[in-house]
Every structure is written in C-alpha cells, then in structure tokens.
Amino acid sequence: MCWSARADLVVGGAVTAVGVLGLVRAHRAGRPERLPLAALPLVLGAHQLIEAAVWLGADGDLPAAPAGWARTAWAVIALPLLPLLVPLGVRCAALDASRSRRRVLTALVLLGLLVAVPLAHAVATHPVGVTAHAHTLEYRIGVPHPALLLAGYLLATVGAPLVSGDRLLRRLGLLTGVGAVVCALLWRLAFISTWCALAALASVLLLRWTSSPAPAHPHRPPPRPV
C-alpha cells in the first residue's frame with residue numbers, strides 16, 4: 001500500500017463521487033433519515049482530497065500558509081467530526097431498530113460528543129504538525145489522554161454500525177474495526193491517517209445501503225419511485 005498526493009486525489013475523487021450519488025439515492029428513495037450517514041463518503045472523500053494538499057505541503061510543493069490550513073482542516077474532520085457524525089448518522093437512520101438498540105446508539109452519540117469536545121479543543125489550541133514516514137503521514141496535534149480518547153473514538157465510530165442491527169452497516173463496522181487493528185499494527189506512527197483512508201474506501205458500502213428498502217413501518221410514508 002502506497003499513499004501519496006496522487007493516491008489521495010484518486011481515492012478522494014472516487015469516494016466523493018460515491019458520496020454525492022449516495023445522497024441522491026437516499027433522497028430519491030424517500031429516506032431523509034439516512035442522509036446524515038449517507039454523507040459520510042462525501043466527507044471522507046473530501047478528507048482524502050485535503051490530505052493530498054497536506055502531502056504537497058510535506059513535500060515542499062505548497063506554500064506554508066495553505067499547507068497549514070490543509071493540516072488543520074484534515075485534523076478537524078479526522079478528530080472531532082467523525083466520532084460525532086458516525087454514531088449520530090447511525091442513530092438517525094435507526095427508525096426501525098428496537099428500543100434497546102436505539103438506547104445504545106444514543107449512548108454512543110453522547111460518547112462521540114464527549115470525545116469530540118477535547119479533540120476539538122486540541123485542534124483549536126495546538127498547531128497541527130505532520131511528518132512523512134515511508135509513504136504515510138504522521139500527524140502531531142497534542143491530544144490529551146490519547147489512549148483514553150482513542151478508545152472512546154473507536155467505540156463510537158466502529159461500535160455504532162456494529163450495534164445498528166442493519167446487515168450492511170454491521171459489515172461497515174466490521175471492516176473499519178478490523179482495519180483499525182491492521183493499521184495500528186502496520187502503521188503505528190501513521191495510524192490515524194491510514195485508518196481514515198481505509199474507512200473512506202470501506203464507506204463505499206454505504207452506496208448500496210442508501211437505496212436499500214426499509215422494513216414496513218406503520219408511520220413511514222411509502223418511498224417515492226426512483
């Protein structure tokens with residue numbers, strides 16, 4: 001696996017296109033509750049495009065100011081946004097889940113918020129540094145209690161799809177969970193960068209999920225024809 005500005009541009013462009021298509025499909029299927037999670041590939045695709053600019057800055061091909069903006073934008077998405085967006089998106093889509101599952105998902109949303117607040121503070125108060133290591137990027141942000149926050153981060157982002165009760169979302173959670181272990185073992189210094197790239201690729205699964213039929217629900221209007 002080799003990551004570079006070019007690789008991030010290719011992956012980012014493809015995943016962004018998938019995200020746009022997924023939002024269109026969710027809208028046409030009459031599934032507004034799925035729109036927040038359907039936006040995840042779009043967010044992760046943009047994230048990879050931003051990392052292409054980070055690569056250019058690390059290689060000295062981008063002026064210091066825009067390179068710094070790119071690093072900060074990348075950190076905002078990777079750290080405070082994702083642990084809140086993923087469980088919130090799963091919770092919004094869980095109209096047909098059991099009451100117990102919805103309670104667990106609500107708890108994971110709150111956990112994501114608890115993780116996002118100190119991460120947002122760290123990004124806002126510390127400069128984001130980056131170093132290239134053998135075709136990967138190591139980000140330095142100055143996050144407090146990193147082990148504790150990482151555990152909460154992964155529990156919120158991986159746990160929510162796993163407990164959703166939806167087969168495709170469980171598959172997404174399984175892929176990102178296994179990917180987290182692999183990235184931690186192979187690219188310890190660049191864990192967050194490589195795991196976000198893997199999550200972007202895995203999020204393509206959501207394209208099928210956005211237009212999958214819902215179980216009959218007494219309070220749901222029938223979907224509009226596509």
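Q: In this predicted model, which side chain of opposite charge is nearest to E138, and how far away is it?

A: The nearest side chain of opposite charge is R140, 4.9 Å away. A salt bridge requires a side-chain nitrogen of Lys or Arg within 4 Å of a carboxyl oxygen of Asp or Glu. E138 is buried yet has no salt bridge. The residue belongs to strand β2, which covers residues 136–140.

Q: Which residues does E138 touch, not counting residues up to four places away in sequence?

A: The contacts of E138 are G129, V130, T131, H133, L189 and A190.

Q: How many salt bridges does the structure hold?

A: There is one salt bridge in the structure. R31 forms a salt bridge with E33, and their closest N and O atoms are 2.7 Å apart.

Q: Are R31 and E33 buried or exposed?

A: Both residues, R31 and E33, are buried.

Q: What does Y139 contact, leaving aside its neighbours within four places in sequence?

A: Y139 is in contact with E51, V54, W74, V128, G129, V130, I192 and S193.

Q: How do α4 and helix α8 pack, in terms of angle and the distance between their axes?

A: Helix α8 spans residues 191–202; α4 and α8 pack at an angle of about 75°, with axes 12 Å apart. An angle of 65 to 115 degrees counts as roughly perpendicular, so α4 is roughly perpendicular to α8. On the α4 side the contact is made by W74, A78 and L82, and on the α8 side by I192, S193 and C196.

Q: Why does L37 count as buried?

A: Buried means under 20% relative accessible area. L37 counts as buried because its relative accessibility is 2%. Its place is in helix α2, residues 35–38.

Q: What does L37 touch, not counting residues up to four places away in sequence?

A: L37 touches V86, G89, V90, L169, L206 and W209.

Q: How many residues apart along the chain are L37 and R91, and what distance separates their C-alpha atoms?

A: L37 and R91 are 54 residues apart along the chain, while their C-alpha atoms are separated by 9.1 Å.

Terms used
Residues are numbered from 1 along each chain as its sequence is written. This is a predicted model: local features need pLDDT of at least 70, side-chain atom pairs count only at pLDDT 80 or more; totals for chains, interfaces and linings use all residues. Side-chain values use heavy atoms; hydrogens and water are left out. Helices (H or I, at least four residues) and strands (E, at least two) are DSSP runs, numbered from the N terminus. Buried means under 20% relative accessible area, exposed over 50%, partly exposed in between (1.4 Å probe, protein chains only). Contact means heavy atoms within 4.5 Å. Lys and Arg count as positive and Asp and Glu as negative; His and the chain ends are not counted. Axes are lines fitted to C-alpha atoms, for helices over the stretch in contact, and angles run from 0 to 180 degrees between N-to-C directions. Angles under 35 degrees count as roughly parallel, over 145 as roughly antiparallel, 65 to 115 as roughly perpendicular and the rest as oblique.
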